[in-house]
Amino acid sequence: SRRVVKKVVTIFGNEFKLRVKVSDVSIKPEFEDVKRIAEELGKPLPLVYLEILRRLKHEDFNGK
């Protein structure tokens with residue numbers, strides 16, 4: 001089973017709200033949110049996706 005959690009991440013000096021799909025084995029940022037953030041930053045989507053994943057690795061998703 002997986003759930004959707006709302007998070008705030010800071011990347012490239014800016015704060016963004018996004019949804020994250022969380023399961024027992026993985027975390028995955030919502031594609032449309034990553035796309036929006038990449039467009040706002042004017043940066044390539046793969047770069048933004050990887051940076052968001054890097055930041056989310058340090059987040060605690062237990063009980064949230």
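Guide: Helices are DSSP runs of H or I, at least four residues long, numbered from the N terminus. This is a predicted model. Where do you want to start?

Visitor: With E51. Where does E51 lie?

Guide: In helix 2, which covers residues 45-56.

Visitor: Does E51 count as buried or exposed?

Guide: Buried. Its relative accessibility is 14%, and the cut-off for buried is under 20%.

Visitor: What does the side chain of E51 make a polar contact with?

Guide: The side chain of R54, at 2.7 Å. R54 is also found in helix 2.

Visitor: And how does R54 count at 44% relative accessibility, and why?

Guide: R54 counts as partly exposed, because 44% falls between the 20% and 50% limits.

Visitor: Back to E51. Which residues does E51 touch, not counting those up to four places away in sequence?

Guide: I11 and F12.

Visitor: How far is R54 from I11 in sequence and in space?

Guide: They are 43 residues apart in sequence. C-alpha to C-alpha, R54 and I11 are 9.8 Å apart.

Visitor: What does helix 2 reach from its first C-alpha to its last?

Guide: 16 Å, over twelve residues. That is close to the 16 Å expected at 1.5 Å a residue.

Visitor: Which residues are buried in helix 2?

Guide: V48, E51, I52, L53 and L56.

Visitor: What do the buried residues of helix 2 pack against?

Guide: Strand 1 (2-11), strand 2 (14-23), strand 3 (27-29) and helix 1 (31-41).

Visitor: Let's do the core. How many residues has the largest nonpolar core?

Guide: It has 15 residues. Those with the most contacts inside it are I11, I37, V48 and I52. Strand 1, strand 2, helix 1 and helix 2 each supply at least two residues of this core.

Visitor: Take I52. What is I52 in contact with, leaving aside neighbours within four places in sequence?

Guide: V9, I11, L18, P29, V34 and I37.

Visitor: Now the sheet. In what order do the strands come, and what is the pairing?

Guide: Three strands form an open sheet in the order 1-2-3, and the pairing is antiparallel.

Visitor: Which strands stand at the edges?

Guide: Strand 1 and strand 3. Each has a single partner strand, so one side of each is left without a neighbour in the sheet. Ignoring direction, neighbouring strands are turned by 35° against each other on average.

Visitor: How do the helices lie on the strands? At what angle does helix 1 run to strand 2?

Guide: About 160°. Helix 1 lies across strand 1, strand 2 and strand 3.

Visitor: And at what angle does helix 2 run to strand 1?

Guide: About 105°. Helix 2 lies across strand 1, strand 2 and strand 3 too.

Visitor: What is phi of F12?

Guide: Near 50°, which is a positive value in a residue other than glycine. F12 is partly exposed, with a relative accessible area of 34%.

Visitor: Last stop, E30. Where does E30 lie?

Guide: In the loop between strand 3 and helix 1. At 19% relative accessibility, E30 counts as buried, because the limit is under 20%.

Visitor: What does E30 touch, not counting residues up to four places away in sequence?

Guide: R19 and K21.

Visitor: And how far apart are E30 and K43?

Guide: 17 Å in space, C-alpha to C-alpha, and 13 residues in sequence.

Definitions and conventions: Residues are numbered from 1 along each chain as its sequence is written. This is a predicted model: local features need pLDDT of at least 70, side-chain atom pairs count only at pLDDT 80 or more; totals for chains, interfaces and linings use all residues. Side-chain values use heavy atoms; hydrogens and water are left out. Buried means under 20% relative accessible area, exposed over 50%, partly exposed in between (1.4 Å probe, protein chains only). A polar contact is a pair of N or O atoms within 3.5 Å; within protein, one must be able to donate a hydrogen and the other to accept it, and residues adjacent in sequence count only if both atoms are side-chain atoms. Contact means heavy atoms within 4.5 Å. The expected span of a helix is 1.5 Å times one less than its number of residues. A nonpolar core is a set of buried Ala, Val, Leu, Ile, Met, Phe, Trp, Tyr and Cys residues joined through side-chain atoms within 4.5 Å. Two strands pair if DSSP finds at least two bridges between them. Axes are lines fitted to C-alpha atoms, for helices over the stretch in contact, and angles run from 0 to 180 degrees between N-to-C directions.
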